[in-house]
Amino acid sequence: AEAAAPEQLFVPRLFLKLDVMKMLRARGRRLEVKEAVLSQPQLKLRRGKEGSWDVEDIVRHVTRKAEETARTSDKSANDYFRELEIAGTRVDNARVAIADEYLGQTYTVDGINIAMSTIVPGKNVNGDVSLTLDDGVAKAPLKAHLEILPLPEDLDFSDWPTVRSSIKLQNLELGTWGRLVPAQWVRPEQGRLEVNITADINPDDDLAVVKGKLLLSALQLTQKGQKGQQGDIAFDMYVDAGLNSPTLKVHNLDVRGPGLVLDTRLTMHQRALEGIEDARLDVSVEDLARLLAILPEGNTLVPPELVLQGPFEVHVQGDADEGHLQVTLDKARVAYAKVLDKGHGTPLHLELTATRQNEGVLVDPISLQLDQANVAANVFVPRTLKGPYRASINTGELDLKRLHGLFPAVVAARKDGIAVDGKVRLSVDAEPKDGLQEIRADLTARA
């Protein structure tokens with residue numbers, strides 16, 4: 001940083017534990033540090049009102065030096081890694097104070113305790129970190145643990161080591177820490193975050209396993225001065241994957257939110273469509289409007305012309321050979337600009353079955369009901385996705401009078417005295433012919 005800048009790092013006590021026997025055998029010509037202990041170090045960081053950090057020049061210098069070393073050295077990353085030997089490190093009760101003049105906020109990372117074993121390729125490595133995030137409103141304790149048994153002798157992880165890791169965070173105040181997110185983005189205005197996750201690698205079982213929960217309490221999002229409604233959101237997951245085999249199992253990947261229930265299960269013996277043994281996704285929403293109300297008005301995630309209200313359900317179940325999808329919006333209101341306005345209680349649901357075949361996927365039947373209109377269809381999607389396709393769509397006979405309320409443009413036309421009546425039928429067929437895609441459409445209308 002600048003020469004006139006205030007003291008940024010203060011280390012009141014530093015202890016070095018030496019290997020005395022090695023030093024005596026080398027007659028003092030070699031000193032080997034077994035452990036370095038930093039007691040109560042303090043680091044001060046500042047971001048000015050213009051938005052720049054006082055350590056940016058240090059970061060630039062270190063980055064430039066690293067790039068120069070990489071350009072001039074003929075050593076590979078593996079060469080450096082094999083020669084790596086870092087003494088055990090312990091940090092006791094460290095403190096990082098962050099003065100953010102840009103946001104007018106002070107953050108403190110307090111009670112930092114780090115215990116890291118000696119790092120030598122081919123040897124076991126373990127470390128623990130504990131600290132408290134303090135924003136002046138709430139204190140959020142964080143603990144993390146890591147074991148690598150042993151650390152590979154180079155960067156080749158073809159022979160997986162045993163790894164055990166975990167992270168636990170409690171009571172993080174999202175309102176103040178969320179201010180670090182750029183204001184033009186959707187970010188938390190308030191709420192609390194809790195995380196409890198473990199991630200392990202078990203070579204004996206040929207599995208990598210991730211388990212954990214994440215809870216967002218009283219979450220409120222904001223963007224450009226607009227605020228969404230508060231809500232609680234919880235994530236629960238348990239997933240394992242093969243290390244040397246392509247197996248994947250999602251025991252559960254579940255989400256709970258305001259009127260939202262989402263449950264996911266998946267078993268695969270290889271990571272491709274044909275490897276699915278069992279898949280299930282169930283989504284149930286009591287009120288789409290309440291769920292979307294978590295997002296602030298004017299957000300960039302949902303088009304402003306789209307209106308979704310009422311209950312919504314999605315169910316997916318299947319395996320590598322056959323899958324079923326059901327989407328139900330019968331009791332919901334779905335509107336988009338002046339194109340569609342389906343009211344509560346007007347039927348709207350979709351059902352389809354997809355079957356895997358040698359050269360692609362056959363989706364048959366496809367059944368879509370919108371009010372009194374029933375559309376039946378099927379489509380064959382080739383494996384290459386480059387076509388040609390086979391498809392058939394048939395709307396059946398549609399009575400336009402019974403569909404007046406669905407389409408705002410028709411309602412407006414009738415108000416202007418334009419008659420929109422009669423019955424129509426549309427059928428479309430597509431199939432390959434002489435190496436090309438042929439499409440035939442037939443539209444009939446009668447009074």
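The following legends describe close-up views of a predicted model. Residues are numbered from 1 along each chain as its sequence is written, and side-chain values use heavy atoms, with hydrogens and water left out. Local features need pLDDT of at least 70 and side-chain atom pairs count only at pLDDT 80 or more, whereas totals for chains, interfaces and linings use all residues.

View A. The largest pocket has a volume of about 430 Å³. A pocket is an open set of points on a 1 Å grid over the protein atoms alone, where a 1.4 Å probe fits, with protein on both sides within 12 Å along at least five of seven lines; lining residues have an atom within 4 Å of a point. A volume is the space filled by probe spheres set on the points, which are joined across faces, edges and corners. Of the 18 lining residues, Leu292, Ala293, Leu295, Glu297 and Asn299 are the closest to the centre. Helix H5 (288-292) and strand S17 (306-309) each supply at least two residues of this lining, and S17 gives the most, with four. Helices (H or I, at least four residues) and strands (E, at least two) are DSSP runs, numbered from the N terminus. The lining comprises eleven nonpolar, five polar and two charged residues. In this division Ala, Val, Leu, Ile, Met, Phe, Trp, Tyr, Cys and Pro count as nonpolar, Asp, Glu, Lys and Arg as charged, and the others, Gly among them, as polar.

**View B. The second largest pocket.** This pocket holds about 300 Å³ of space. It is lined by 13 residues, of which Leu370, Ala373, Leu398, Leu403 and Phe407 are the closest to its centre. Strands S23 (360-370) and S24 (373-382) each supply at least two lining residues. By class, twelve are nonpolar, one is polar and none is charged.

**View C. The loop between S23 and S24.** Asp371 is found in this loop. Its phi is positive, about 55 degrees, although Asp371 is not a glycine.

**View D. Two cis peptide bonds.** The bond from Leu149 to Pro150 is cis, with omega near -10 degrees. Pro150 lies in the loop between strands S8 (139-149) and S9 (162-173). The bond from Asp364 to Pro365 is also cis, with omega near 5 degrees, and Pro365 is placed in strand S23. Most peptide bonds are trans.
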